[in-house]
Amino acid sequence: MAKAEKAAAIAELKTAFESSNGAVLTEYRGLTVAQLKELRSNLGENAKFAVVKNTLTKIAADGAGLDEQFKSLLEGPSAIAFVNGDVVEAAKGLRDFAKANEHLVIKGGYIDGKSMDAAEVAKLADLESREVLLAKLAGAMKGNMAKAAAVFAALPTQTAQLAEALRAKREAAGETAEAPAAAPADDAPATEAAADEAPAE
């Protein structure tokens, strides 16, 4: 490979490391071209499965800031699934394919810049996918929204009842306030009597 080609390959790998959500490193020794095609098809748009050269990949990984644990796994025939979607879903796809095709060996990977060994990738594959979690969240939200809808439906009735109670209370308070206002009228005759008793000039 010419120097320019190596530089281009390193730059492409570095970009793949930096732009992906994660990656799963595998050994593909013994897989046929047809099996590799099948694996890529199974992963779909969720991940890009690429056969890589270890020396160039180590340089690219170093440039992307990956740690020594990941770089130490770059031994033997290596291929990396660069994940652009759900990392859990990609790990599941690789795990299931490896179960059916023993020549695919999952060696490790990384997610959010943190390296993982093969056992950690297996645990990742056992987690529920993003779609499943979103479906559960939507179900929970739907239940809560039903409760909220019932509360909102009751608000007009409660508001009307409150308004009626306030109106009745104000009317009662108005009647109580108007009662003492009649008292000065009772004093009028006394005033007139006093005026009648006053001596004429």
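This is a predicted model: local features need pLDDT of at least 70, side-chain atom pairs count only at pLDDT 80 or more; totals for chains, interfaces and linings use all residues.
Let's start at a helix end: Asp-86 caps the N-terminal end of α5, with a side-chain oxygen 3.0 Å from the backbone nitrogen of Val-88.

**Helix α5 itself**
- α5 covers residues 87–100, and its 14 residues reach 20 Å from the first C-alpha to the last, close to the 20 Å expected at 1.5 Å a residue.
- Buried residues of α5 are Val-87, Val-88, Ala-90, Ala-91, Lys-92, Leu-94, Arg-95, Phe-97 and Ala-98.

**Packing of α5 with α6**
- Two packed helices are described by the angle between their axes and the distance between the axes.
- For α5 and α6 (residues 118–126), the angle is about 110 degrees and the axes lie 8 Å apart.
- An angle of 65 to 115 degrees counts as roughly perpendicular, so α5 is roughly perpendicular to α6.
- On the α5 side, the contact is made by Val-87, Val-88, Ala-91, Lys-92 and Arg-95, which meet Val-121, Leu-124, Ala-125 and Asp-126 of α6.
- By type, the residues of this contact divide into 6 nonpolar, 3 charged and no polar.

**The chain around it**
- The chain has 9 helices and 5 strands, following the pattern α-β-α-β-α-α-β-α-β-β-α-α-α-α along the sequence.
- Of the 201 residues in the chain, 29% are buried.
- Among contacts between residues at least 6 apart in sequence, 80% join residues at least 24 apart.

Key
Residues are numbered from 1 along each chain as its sequence is written. Side-chain values use heavy atoms; hydrogens and water are left out. Axes are lines fitted to C-alpha atoms, for helices over the stretch in contact, and angles run from 0 to 180 degrees between N-to-C directions. Helices (H or I, at least four residues) and strands (E, at least two) are DSSP runs, numbered from the N terminus. Angles under 35 degrees count as roughly parallel, over 145 as roughly antiparallel, 65 to 115 as roughly perpendicular and the rest as oblique. Contact means heavy atoms within 4.5 Å. Ala, Val, Leu, Ile, Met, Phe, Trp, Tyr, Cys and Pro count as nonpolar, Asp, Glu, Lys and Arg as charged, and the others, Gly among them, as polar. The expected span of a helix is 1.5 Å times one less than its number of residues. Buried means under 20% relative accessible area, exposed over 50%, partly exposed in between (1.4 Å probe, protein chains only). A polar contact is a pair of N or O atoms within 3.5 Å; within protein, one must be able to donate a hydrogen and the other to accept it, and residues adjacent in sequence count only if both atoms are side-chain atoms.
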